[in-house]
Amino acid sequence: MQAKISTLGNGLRIVTSTRPEIQTTSLGIWINTGAAYEKKEENGISHLLEHMVFKGTPSRTSFQIDAEIEDAGGQTNAYTSREFTAFYAKMLKDDTELALDVLSDIVLNANFPEQELIKERDVVVQEIKQTIDTPDDIIFDYFQEKAFPNQAIGRTILGPEEKVLSYDAAALNRYREQHYGGENMVIAAVGNIEHQAFVDMVKKRFDTFRKQTNFTKPQQNYIGGYVTEERDIEQAHVLLGFKGFDYYDKRYYAATIFSSIFGGGSTSRLFQEIREKRGLVYSTYSFSNAHSASGLFGIYAGTGQEELKELLPVICDEIKKIREEKVSEKELQRAKILLKAHMLMGLESSSSYTEVIARQMLIFNRVLPIEEMVERIESVTLDDVLQTAQTIFSSTPTYALVGDIKGHYAYDKFQEMLK
């Protein structure tokens, strides 16, 4: 699965991994932009742009874009995150160039027809409303905003309704010109593809594409805070957060392993104590999210209003236990095995591996060898996990609650429980 890399004169990086034993190719275009790189007045425009590129180019209608891929038995999709936008497809090997032609056409040439834009803005507004109506979705937006207040990294990916409805074709074109450039993009492919042949396909379509972008990456400073929203629903949704680590921090793998031990599965400390022993929740887990210049460690739980008062002290007790004493060797080895297995199983999928190598190129400007990732996991020690836990839980907490939260502990009480 060794990856090969080529770079065009405009800085566009092309990365492939050849798998001659399969009959398909997974490919896509990744751009290092998203909500975290938007100005306040642009919030949500990355996501709307991702929707709108599928709505027509000078040579293809919206229907033709979909039909050309589906008529060949392929699949295509896209996503916007806080720091990445991606357009990708999976095709039979003989239709690789067809998929690349469609993807390149929509990224380079989408012309944002007015009637399509009117309809798609409404579609995104419905997506925003659906998220607002889903408490275990919207709480993550509230949580992110309190963790990073008044910063792009803290704003929602979808944006506010009034902003989305205000964006016109000129705004979309302006944003694309500022953020979509060769130096800020990666095109990746995994499957039954020869590297130089794929490079030639890409070069034919992107060789004259602009090189530079024209935007400044905003700061990412974790602050922490407190937000509640009472709703007339059956559950209380709780999110607790702390400052985490960015992609480049040497503690990145230790934080991932720590999260697995603390709340990463059915054998984790949180799951065993909160669900199995006490029956306080149906769902609880922890997570370690890295960004390019910051990170966020979080703990989620969904519980009933009557159980809410008991839940928080139990979580705080588990936090104090794990930051005051080393985890066991058995816990550490189990977490390492789980992390390696999850990683290696994911890499068996050509679609997943395409995503991995594209993002690694955008983040590190290289593809990390599997052996290196395994070695980094194996090198994490018990002391590393303890020090990582202590660092995480020494930061100012973020505390978010949505739902039937009557009688919940206030922010200052939560802070006292952590001492």
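In strand E10, Gly-298 is the bridge partner of Phe-287, and Ser-286 stands opposite Ile-299 of E10. These pairs belong to a hairpin formed by E9 and E10, with four residues between the two strands. The model is predicted, so local features require pLDDT of at least 70 and side-chain atom pairs count only at pLDDT 80 or more, while totals for chains, interfaces and linings use all residues. Residues are numbered from 1 along each chain as its sequence is written, and side-chain values use heavy atoms, with hydrogens and water left out.

**The hairpin and its sheet**

- Strand E9 (residues 281-290) pairs with strand E10 (residues 295-304) in the antiparallel sense, over nine bridges; two strands pair if DSSP finds at least two bridges between them.
- Helices (H or I, at least four residues) and strands (E, at least two) are DSSP runs, numbered from the N terminus.
- E9 and E10 belong to an open sheet of five strands in the order E7-E11-E8-E10-E9, with mixed pairing.
- Strand E7 (226-230) and E9 stand at the edges with a single partner strand each, so one side of each is left without a neighbour in the sheet.
- From one strand to the next, the twist averages 10°.
- H9 lies across E9 and E10 and runs at about 175° to E9; axes are lines fitted to C-alpha atoms, for helices over the stretch in contact, and angles run from 0 to 180 degrees between N-to-C directions.

**The six-stranded sheet**

- A further open sheet has six strands in the order E1-E2-E6-E3-E5-E4, and its pairing is mixed.
- Its edge strands are strand E1 (3-7) and strand E4 (75-80), each of which pairs on one side only.
- Neighbouring strands of this sheet are turned against each other by 15° on average, direction ignored.
- Strand E2 (residues 13-18) and strand E6 (residues 185-191) run parallel and are joined by six bridges.
- Within this sheet, Arg-13 stands opposite Val-186 in E6.
- Helix H8 (residues 195-206) lies across E1, E2, strand E3 (24-31) and E6, at about 150° to E2.

**Helix packing**

- Helix H11 (residues 305-324) packs against helix H15 (residues 382-393) at an angle of about 135°, and their axes are 8 Å apart.
- H11 and H15 are therefore oblique to each other; angles under 35 degrees count as roughly parallel, over 145 as roughly antiparallel, 65 to 115 as roughly perpendicular and the rest as oblique.
- Ile-319, Ile-322, Arg-323 and Glu-324 of H11 make the contact with Leu-386, Ala-389, Gln-390 and Phe-393 of H15, where contact means heavy atoms within 4.5 Å.
- The contact of H11 with H15 has five nonpolar, one polar and two charged residues; Ala, Val, Leu, Ile, Met, Phe, Trp, Tyr, Cys and Pro count as nonpolar, Asp, Glu, Lys and Arg as charged, and the others, Gly among them, as polar.
- Helix H1 (residues 45-52) and helix H7 (residues 169-179) pack at about 100°, with their axes 10 Å apart.
- That angle makes H1 roughly perpendicular to H7.
- On the H1 side the contact is made by Ile-45, Ser-46, Leu-48, Leu-49 and Met-52, and on the H7 side by Ala-171, Leu-172, Tyr-175 and Arg-176.
- By class, the contact of H1 with H7 has seven nonpolar, one polar and one charged residues.

**Cavity and pocket**

- Rolling a probe the size of a water molecule over the atoms shows where empty space is left.
- On a 1 Å grid over the protein atoms alone, a cavity is a set of points where a 1.4 Å probe fits but cannot get out, and a pocket is an open set with protein on both sides within 12 Å along at least five of seven lines; lining residues have an atom within 4 Å of a point.
- The count comes to one cavity of 30 Å³ or more.
- About 70 Å³ of space lies in the largest cavity; grid points are joined across faces, edges and corners, and a volume is the space filled by probe spheres set on the points.
- The lining of the largest cavity consists of Ser-260, Ile-261, Thr-267, Ser-268, Arg-269, Glu-331, Arg-334, Ala-335 and Leu-338.
- Helix H9 (252-263) and helix H12 (329-347) each supply at least two residues of this lining, and H12 gives the most, with four residues.
- The second largest pocket holds about 400 Å³ of space.
- Of the 20 residues that line the second largest pocket, Asn-43, Arg-155, Thr-156, Gly-159 and Pro-160 are the closest to its centre.
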